[in-house]
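Reader: Can you walk me through this fold? I would like to start with the sheet and then move on.

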Amino acid sequence: MADTQQVDPKAERKVAKLAKQIGAFSKAHGGAEGQVAYIGERGARIVLVGEDGGWGDLVAPSYEIAEKAVEKSGITVHEAFDGGFAAKVKTGPYEWTRMAGIQLGGPSNG
């Protein structure tokens with residue numbers, strides 16, 4: 001019996017687009033590593049950390065598409081965002097100000 005695996009052209013285009021974006025990030029930051037996290041109905045988040053400490057993320061419509069995209073891009077993928085991987089992230093004044101604003105003022109509840 002032949003293997004007749006169905007290929008969704010729309011999903012394949014999304015994988016290719018995400019892989020291209022991951023590759024561009026990697027090139028701009030001297031290499032990159034990533035981690036894929038399930039975010040519920042919205043899909044999966046691909047967190048990217050460059051060799052220079054720069055970071056960013058992309059959202060894929062499904063965990064499967066995210067996994068295929070990181071695999072196609074060729075970057076190293078981590079199981080979790082912890083330890084040495086998280087330590088590679090370099091944050092600047094913008095991030096610290098934003099984090100402080102959320103902690104100190106944040107959105108009004110009333």
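Author: The notes below take the sheet, the helices and then the aromatic rings. This is a predicted model, in which local features need pLDDT of at least 70, side-chain atom pairs count only at pLDDT 80 or more, and totals for chains, interfaces and linings use all residues. Residues are numbered from 1 along each chain as its sequence is written, and side-chain values use heavy atoms, with hydrogens and water left out.

Reader: In what order do the strands of the sheet come?

Author: The open sheet has 4 strands in the order S3-S2-S1-S4, with mixed pairing. Strands here are DSSP runs of E, at least two residues, and helices are runs of H or I, at least four residues, numbered from the N terminus. Two strands pair if DSSP finds at least two bridges between them.

Reader: Which strands stand at the edges?

Author: Those are S3 (55–60) and S4 (76–78); each has a single partner strand, so one side of each is left without a neighbour in the sheet.

Reader: And S1, how does it pair with S2 and with S4?

Author: With S2 the sense is antiparallel, over 7 bridges; Glu33 has Val49 in S2 as its bridge partner. With S4, S1 (residues 32–38) pairs in the parallel sense over 3 bridges, and Gly34 stands opposite Val77.

Reader: What about the hairpin of S1 and S2?

Author: There are 5 residues between the strands, and Gly40 takes a positive phi near 85°.

Reader: Is S1 mostly covered or mostly open?

Author: Mostly covered: 5 of the 7 residues in S1 are buried. Buried means under 20% relative accessible area, exposed over 50%, and partly exposed in between, using a 1.4 Å probe and protein chains only.

Reader: Switching to helices. Which strands does H2 lie across?

Author: H2 (residues 63–73) lies across S1, S2, S3 and S4, and runs at about 170° to S1. Axes are lines fitted to C-alpha atoms, for helices over the stretch in contact (heavy atoms within 4.5 Å). Angles run from 0 to 180 degrees between N-to-C directions.

Reader: Last topic, how many aromatic pairs does the structure hold?

Author: It holds 1 aromatic pair. Phe81 and Phe85 form that pair, edge-to-face, at 5.1 Å centre to centre with 75° between the planes. Rings of Phe, Tyr and Trp (its six-membered ring) pair if their centres lie within 6.5 Å; planes under 30 degrees apart count as stacked, over 60 as edge-to-face and the rest as tilted.

Reader: Is Phe85 buried or exposed?

Author: Phe85 counts as buried, at 4% relative accessibility, while Phe81 counts as partly exposed at 38%.
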